[in-house]
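Have the sequence and the 3D view open as you read.

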Amino acid sequence: MSRDEWLRACGVERADALVLLRELAGVSRAALLAHPEAALEPRCLAQLERAGARLRAGEPLAYVLGWREFYGLRLEVGPQVLIPRADTEVLVEFALAHLEPCGPAEVLDLGTGSGAIAIAIAHERPAARVQGVDTSAEALELARRNARRLLPAARPGGVPLWHLGDWMQALPPDAGDFDLIVSNPPYVAEDDPHLQALRHEPALALVGGRASADGLADIRLLVAQAAPRLRARGWLALEHGYDQAAAVRQLLLRVGLREVHSLRDLAGIERVSAGRAPGP
Ligand SMILES: C[S@@+](CC[C@H](N)C(=O)[O-])C[C@H]1O[C@@H](n2cnc3c(N)ncnc32)[C@H](O)[C@@H]1O
């Protein structure tokens with residue numbers, strides 16, 4: 001079968017099919033335009049057919065490929081972790097804006113999943129000491145692999161430290177306090193109709209282990225646990241749902257944080273809220 005025949009017959013969106021051709025068969029868009037009639041090798045064709053079938057069954061492209069690009073880094077992903085979203089880059093931008101480019105800092109990522117946020121920060125701020133927490137051992141294993149592949153072994157802030165467990169309780173006694181705590185926690189309400197479209201991603205990442213009608217159960221706990229562990233003038237910044245900004249700002253104010261405000265995502269919706277510990 002030729003490249004062009006497969007493209008027309010594969011039954012998946014053209015943009016996705018072009019990515020599969022490039023990634024699995026090594027056929028760039030330019031090569032396709034120049035030689036659409038070129039035959040696909042049987043091994044490539046078999047791989048493309050398998051990948052096409054998974055996409056037609058509704059599996060996300062990132063799981064089929066085994067990677068997703070986040071903040072310019074190609075992260076390995078699999079069904080044990082949430083696929084990192086472009087909107088979450090807003091949280092990374094916030095973190096970077098509040099960390100000195102070359103200064104030391106203590107940073108914690110709660111619910112790290114693939115390690116996307118922690119690794120992006122560690123990549124951009126080489127002197128920051130970065131720690132990540134997750135309650136899924138499989139997710140942490142993936143985060144560790146991503147960090148090993150994407151970060152220099154000899155970065156000044158050291159290799160990221162990964163802790164298995166429930167939010168702040170996962171930290172060892174000597175973990176210290178933090179200049180910045182970031183989190184993209186589970187925040188989808190247990191009866192949210194969008195969950196059906198997200199069925200390939202882990203429920204633990206979306207709804208969490210403390211399902212609640214408003215989706216805020218984990219955020220309430222996390223804010224209460226994290227705020228006392230901020231250093232003077234340290235920031236806590238959280239991603240949340242499109243309709244949760246006001247409630248999250250209230251939670252941040254209630255634990256005594258200052259400068260509480262929300263940031264908008266690429267669609268102009270308030271999707272990250274942050275607050276700062278008082279000065280010394
Ligand atoms: C929405 S995902 C975010 C993943 C990643 N940070 C990202 O932005 O792509 C939430 C993560 O929180 C983790 N998680 C859920 N409940 C947790 C808990 N009680 N303690 C620690 N991590 C938890 C899930 O396993 C999941 O990896």
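Helices (H or I, at least four residues) and strands (E, at least two) are DSSP runs, numbered from the N terminus. This is a predicted model, in which local features need pLDDT of at least 70, side-chain atom pairs count only at pLDDT 80 or more, and totals for chains, interfaces and linings use all residues. Residues are numbered from 1 along each chain as its sequence is written, and side-chain values use heavy atoms, with hydrogens and water left out.

With that in hand, find W167 in the loop between β5 (161–164) and β6 (178–183). W167 has a positive phi of about 35° although it is not a glycine. Most residues other than glycine have a negative phi. At G165, a backbone N or O atom lies 3.3 Å from a ligand nitrogen atom, while N184 places a polar side-chain atom 2.9 Å from an oxygen atom of the ligand. On its own the ligand has 600 Å² of accessible area, and the protein covers 97% of that; such areas come from the Shrake-Rupley method with a 1.4 Å probe.

Which residues are closest to the ligand? They are G111, D134, D166, W167 and N184, out of 19 residues that surround the ligand, each with a heavy atom within 4 Å of it. By class, this shell has nine nonpolar, seven polar and three charged residues; here Ala, Val, Leu, Ile, Met, Phe, Trp, Tyr, Cys and Pro count as nonpolar, Asp, Glu, Lys and Arg as charged, and the others, Gly among them, as polar. β4 (128–134) and α9 (203–206) are the elements that give two or more residues to the shell.

Now turn to two other parts of the chain. Strands β8 (residues 258–264) and β9 (residues 270–276) run antiparallel and are joined by five bridges; strands pair if DSSP finds at least two bridges between them. R264 stands opposite E270 in β9. The two strands form a hairpin with five residues between them, and G268 in the turn has a positive phi of about 85°. Finally, Y71 sits in the loop between β1 (67–70) and β2 (73–76), and Y71 has a positive phi of about 50° although it is not a glycine.

How values were computed:
Polar contact = N/O pair within 3.5 Å; in protein donor to acceptor, adjacent residues only side chain to side chain.
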